[in-house]
Amino acid sequence: MPNNIKSERVRLGITQEALARRIGVAECTIRGWEQGVRSIPSKAAVEMSDLFGCSVDYLFALTEERTKTLR
């Protein structure tokens with residue numbers, strides 16, 4: 001499943017290793033998420049969304065709108 005994790009990580013200049021350390025997972029887990037071959041737990045999705053300053057929907061490529069919207 002496509003996602004925007006890599007583009008957001010690169011935009012902030014964060015390596016896979018640094019992101020993995022920041023959210024408490026293995027580097028190979030980040031690689032699997034970016035490639036769409038591993039499922040992303042909701043807790044990790046929210047942590048990355050907060051770190052990247054984008055919505056979870058954007059992170060999962062469900063919208064092209066980067067910013068979080070209030071519901």
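Which hand does the crossing of helix 2 and helix 4 have, left or right? It is right-handed, that is, the near helix is turned clockwise from the far one by less than a right angle, anticlockwise being left-handed. Before going on: this is a predicted model, in which local features need pLDDT of at least 70 and side-chain atom pairs count only at pLDDT 80 or more, while totals for chains, interfaces and linings use all residues. Residues are numbered from 1 along each chain as its sequence is written, and side-chain values use heavy atoms, with hydrogens and water left out.

Back to the helix pair. Helices here are DSSP runs of H or I with at least four residues, numbered from the N terminus. From helix 2, L19, R22 and I23 meet A44, E47, M48, L51 and F52 of helix 4, contact being heavy atoms within 4.5 Å. Those residues divide into 6 nonpolar, no polar and 2 charged. Nonpolar covers Ala, Val, Leu, Ile, Met, Phe, Trp, Tyr, Cys and Pro; charged covers Asp, Glu, Lys and Arg; the others, Gly among them, are polar.

Next, two other residues of helix 2. Q16 lies in this helix and is buried, at 16% relative accessible area. R21 is also in helix 2, but counts as exposed because its relative accessibility is 59%. The cut-offs are under 20% for buried, over 50% for exposed and partly exposed in between, with a 1.4 Å probe and protein chains only. Leaving aside residues up to four places away in sequence, Q16 touches R9, E27, I30, R31 and E34.

Now helix 3, residues 27-35. Its buried residues are T29, I30, G32, W33 and E34, and they pack against helix 1 (5-11), helix 2 and helix 4. Just after helix 3, G36 has a positive phi of about 75°.

A61 also has a positive phi, about 60°, although it is not a glycine. A61 sits in the segment after helix 5 (56-59) and is partly exposed, at 37% relative accessibility.

Last, the rings. R66 lies over the face of Y58, 5.9 Å from the ring centre; the criterion is NZ of Lys or CZ of Arg within 6 Å of the ring centre and within 35 degrees of the ring normal.
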